[in-house]
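Student: I would like to learn how to read a structure like this one. Can we go through it feature by feature?

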Amino acid sequence: MLLIEHRYTGSDAATEKLELPFETRCKTRLRTRLVSGEEAGLFLERGSVLRQGDRLQANDGRIVEVTAAPEALMEGRSDDPLLLAKAAYH
């Protein structure tokens, strides 16, 4: 299993991709699979959220790019801004 414990701040291009939905990108401890199918374990600093385009460095030196998985969305509309804000809050 590929271990990923650090964010990457260098300029090298990513060699692997990790596609995750938002709910999973909020977790700092995770067992998952890369797009290539290889199993990976994420052990990042607590309290961090992964964003589209973030790069991580695996323990073997590979650079892994985070991509946002396609997700179903809901659209709400209202002529009353206050009502829309209340609906969005709940």
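Student: Read along the sequence, what pattern does the protein follow?

Tutor: Before the pattern, a word on the source: this is a predicted model, where local features need pLDDT of at least 70, side-chain atom pairs count only at pLDDT 80 or more, and totals for chains, interfaces and linings use all residues. Residues are numbered from 1 along each chain as its sequence is written, and side-chain values use heavy atoms, with hydrogens and water left out. Helices (H or I, at least four residues) and strands (E, at least two) are DSSP runs, numbered from the N terminus. Here the order is β-β-α-β-β-β-β-α. That comes to 2 helices and 6 strands.

Student: How spread out is the protein, judged by its radius of gyration?

Tutor: The radius of gyration is taken over C-alpha atoms, and the globule rule to compare it with is 2.2 Å times the number of residues to the power 0.38. For 90 residues the rule gives 12 Å, but the protein has 17 Å, well over that, so it is more spread out than a compact globule. A box along the principal axes that holds the C-alpha atoms is roughly 55 × 25 × 25 Å.

Student: What share of the residues counts as buried?

Tutor: Buried means under 20% relative accessible area, exposed means over 50%, and partly exposed is in between (1.4 Å probe, protein chains only). Of the 90 residues, 29% are buried. Helix H2, residues 81-89, is hardly covered: the count of buried residues among its 9 residues is 0.

Student: What is found at the start of H2?

Tutor: A polar contact is a pair of N or O atoms within 3.5 Å; within protein, one must be able to donate a hydrogen and the other to accept it, and residues adjacent in sequence count only if both atoms are side-chain atoms. At the start of H2, a side-chain oxygen of Asp80 comes to within 3.1 Å of the backbone nitrogen of Leu82. In the loop between S6 and H2 lies Arg77, which is exposed at 73% relative accessibility. The side chain of Arg77 has a polar contact of 2.6 Å with that of Glu75.

Student: Which residues form a nonpolar patch on the surface?

Tutor: Patches are made of residues with over 30% relative accessible area and no salt bridge; like charges are joined within 9 Å, and nonpolar side chains (Val, Leu, Ile, Met, Phe, Trp, Tyr) within 5 Å. Areas come from the Shrake-Rupley method with a 1.4 Å probe, and for residues only the protein chains shown count as cover. The patch consists of Met1, Leu3 and Phe43, with about 280 Å² of accessible area together. Leu3 sits in strand S1, residues 2-7, and is partly exposed at 32% relative accessibility. The protein exposes about 6,400 Å², of which carbon and sulfur atoms supply 51%.

Student: Why can charged side chains pair?

Tutor: Side chains of opposite charge can pair when their charged atoms come close. A salt bridge is a side-chain nitrogen of Lys or Arg within 4 Å of a carboxyl oxygen of Asp or Glu. By this rule there are 8 salt bridges.

Student: Which residue does Asp54 pair with?

Tutor: Asp54 pairs with Arg7, the closest N and O atoms being 3.1 Å apart. This pair links distant parts of the chain: Asp54 is in the loop between strand S4 (39-43) and strand S5 (55-58), Arg7 is in strand S1, and they are 47 residues apart. Asp54 is buried at 19% relative accessibility, whereas Arg7 is partly exposed at 30%.

Student: Where do Glu65 and Lys17 lie?

Tutor: Their salt bridge has its closest N and O atoms 3.3 Å apart. It too links distant parts of the chain, with Glu65 in strand S6 (residues 63-68) and Lys17 in strand S2, 48 residues apart. Glu65 is partly exposed, with a relative accessible area of 22%.

Student: Which residues do salt bridges with shared partners join into one network?

Tutor: One of the bridges is between Asp60 and Arg62, at 2.8 Å from N to O. Salt bridges that share partners join Glu16, Glu38, Asp60 and Arg62 into one network.
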